[in-house]
Each structure stands twice: as structure tokens, then as C-alpha cells.
Amino acid sequence: MAIKKQVKRENGTPQEEKGNILVICAHSDDQILGPGGAVAKYTREGYNVYTIICSYGEGSHPHMKLSYIAKIRVLEAKEADSIIGGKGVMFLALKDGAIGADFRKKKMMERFKRQILSYVPKKIFTHSGDDLHPDHRFVKEVVLDAYDSLARKNLLNAEVYTFDVSNIFNKKERNFPRLIVDITDTFRYKIKALHEFRSQINFFSYTITVNILYLAVYYRAFVNGLKYGFKAAEVFRRLR
Ligand SMILES: [Zn+2]
């Protein structure tokens with residue numbers, strides 16, 4: 001008979017372990033901007049959530065040394081991850097703004113597939129194909145390619161969902177089934193986690209873009225909430 005593992009929650013109530021979820025994103029704050037509220041909810045329900053981040057997001061600080069930026073970004077991402085109850089973040093250290101070219105140059109596909117497989121995820125969350133940022137769209141493509149290749153060999157069977165970061169409309173993915181997650185109770189963790197990305201918020205030339213993205217987080221949560229009957233909600237599209 002299988003013995004189900006028990007995990008302890010903050011309040012001490014043991015909960016059944018539900019399995020692993022993997023979030024794969026382009027830059028160090030996308031995992032919060034996109035599915036942060038849902039992740040905080042899943043971790044409270046007993047899922048183990050892991051995050052793979054493709055780039056440190058060094059493009060926002062072109063005058064600073066990569067090693068210095070990387071150190072800050074790793075710390076910020078870890079802090080944010082602990083706020084939403086994640087099990088850890090790992091960075092692929094690909095070039096910000098050219099993730100696709102760097103991924104191909106370094107022939108990352110096989111390594112990437114092994115990494116995904118090592119988490120044995122039940123659900124995978126990644127960027128939307130409708131996102132305006134080319135790095136985001138590339139990550140979505142490469143996640144689907146990797147997943148399809150693993151699924152064809154019966155090595156992995158997971159639900160694959162996409163989240164929005166810098167798009168307002170969902171044109172290409174509008175006909176895929178939707179997953180609506182009520183984030184009324186966890187929206188505050190998403191916002192708290194976003195505040196960990198101080199290096200993004202403080203840097204003047206990046207402020208406008210980041211503020212628009214942060215405003216979009218509020219806008220999306222409440223508009224989706226109104227639409228689906230919650231105070232706040234995140235909406236995902238199931239592609240696989
Ligand atoms: Zn991004």
C-alpha cells in the first residue's frame with residue numbers, strides 16, 4: 001500500500017502532499033507577475049511548487065556587472081518564492097533579451113528536458129503565446145516542444161497552462177480551456193512577493209515599464225474576479 005506523505009502547514013495542520021508543480025518563466029519576476037496568486041494557493045493546499053527562471057533579467061541594468069545583478073536577482077527571487085511558499089527557484093542564466101538565441105547557441109534542449117523531467121510535475125505553468133515580449137513567447141514555445149517530446153515517449157504526463165504578463169488580449173490562445181483560480185485569499189502574498197523585486201522598482205529607467213506591469217497585476221486580478229465571481233482571480237489557458 002502506498003504511504004502518502006504528510007506536509008506541515010504554517011498553522012501546524014498536516015496536509016496530504018499533492019504532487020509537484022513547475023513554473024517556467026523568462027525573467028526573475030514573471031513567476032509572481034503571472035501565476036503568483038495561484039502558486040501561493042497551491043502551496044497552501046499541499047503542492048510542491050518549483051520555478052525555473054531562464055534569465056536573470058540583467059537587461060534592466062545594462063551598466064552593472066552581470067555577476068552583481070545575478071546575485072541580487074537570485075536573492076530577490078528566493079525571498080519572493082518563500083513568501084508564496086515555493087520550494088525553490090533555479091536559474092538557467094540565459095541572456096536577457098535574447099533568451100531564444102542563447103538557448104539555441106548553448107544547445108540547451110536536452111538539458112532542459114531532463115530538468116523538467118526531474119521535477120515530475122503534474123502541472124506546468126509558463127508564458128502565454130499572446131505575450132508581447134519575445135523572450136516570453138520563446139519560453140512558451142520551448143516549454144511546449146520539450147513537453148511534447150517527453151510526452152510522446154510517455155516520460156511525462158502533465159497539464160500545461162499559460163499565464164499572461166505583458167499582454168492584454170488573448171488572441172491565439174482564446175479558444176483553449178480556461179483554468180480560473182480564486183486568489184482572493186492569496187492576492188496579498190502575490191503583492192508582498194512583488195515588493196521583493198526592489199532592484200526593478202528602484203531603477204529609474206525601468207520604473208515606467210515595471211509600474212505598468214504591476215498595475216496590470218491589479219487590473220487583471222480584479223477584472224477577472226468580477227468576471228468569474230470572486231474578489232480576485234487569475235486565469236490560465238490549458239494548452240496540453
Ligand atoms: Zn519577463
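Strands S4 and S5 pair in the parallel sense over 5 bridges, where two strands are said to pair if DSSP finds at least two bridges between them, and where helices (H or I, at least four residues) and strands (E, at least two) are DSSP runs numbered from the N terminus. Within this pairing, serine 55 stands opposite leucine 94 in S5. The chain crosses from S4 through helix H3 (residues 66–83) to S5, and this β-α-β crossover is right-handed, a term used if, with the strands pointing away from the viewer, the path from the first strand over the helix to the second runs clockwise. The model is a predicted one, in which local features need pLDDT of at least 70 and side-chain atom pairs count only at pLDDT 80 or more, while totals for chains, interfaces and linings use all residues. Residues are numbered from 1 along each chain as its sequence is written.

S4 is also joined to S3, by 7 bridges, and these two strands run parallel; here valine 23 has threonine 51 in S4 as its bridge partner. Because 9 of the 9 residues of S4 are buried, this strand is largely enclosed by the rest of the structure; a residue is buried if 20 or more other C-beta atoms, placed from the backbone, lie within 10 Å of its own, exposed if 12 or fewer do, and partly exposed in between.

These strands belong to an open sheet of 7 strands with mixed pairing, in the order S5-S4-S3-S6-S7-S9-S8. Its edges are formed by strand S5 (88–94) and strand S8 (178–182), each of which pairs on one side only, and the twist from one strand to the next averages 25°.

Further along the sheet, S3 and S6 pair in the parallel sense over 5 bridges, with leucine 22 opposite isoleucine 124 in S6. Strand S6 (residues 121–127) in turn pairs with strand S7 (residues 159–163), again in the parallel sense and over 5 bridges. In this second pairing, phenylalanine 125 has tyrosine 161 in S7 as its bridge partner, and threonine 126 stands opposite threonine 162 in S7. The chain passes from S6 through H6 to S7 in a right-handed β-α-β crossover. S6 is mostly covered, with 6 of its 7 residues buried.

Helix H6 (residues 134–152) also meets helix H5 (residues 109–118), the two axes coming within 10 Å and crossing at roughly 70°, where axes are lines fitted to C-alpha atoms, for helices over the stretch in contact, and angles run from 0 to 180 degrees between N-to-C directions. H5 is therefore roughly perpendicular to H6, the term for angles of 65 to 115 degrees. Met109, Phe112, Lys113, Ile116 and Leu117 in H5 meet Val142, Ala146, Ser149 and Leu150 in H6, contact being defined by C-beta atoms, placed from the backbone, that lie within 7 Å.

Tyrosine 189 lies in helix H7 (residues 187–194) and counts as buried because it has 22 C-beta neighbours inside 10 Å. Leaving aside neighbours within four places in sequence, tyrosine 189 is in contact with Ala40, Ile83 and Ile84. The C-alpha atoms of tyrosine 189 and alanine 40 are separated by 6.9 Å, although these residues are 149 residues apart along the chain.

For the chain as a whole, there are 9 helices and 9 strands, and 43% of the 240 residues count as buried.

Conventions. Two residues are in contact if their C-beta atoms, placed from the backbone, lie within 7 Å. Angles under 35 degrees count as roughly parallel, over 145 as roughly antiparallel, 65 to 115 as roughly perpendicular and the rest as oblique.
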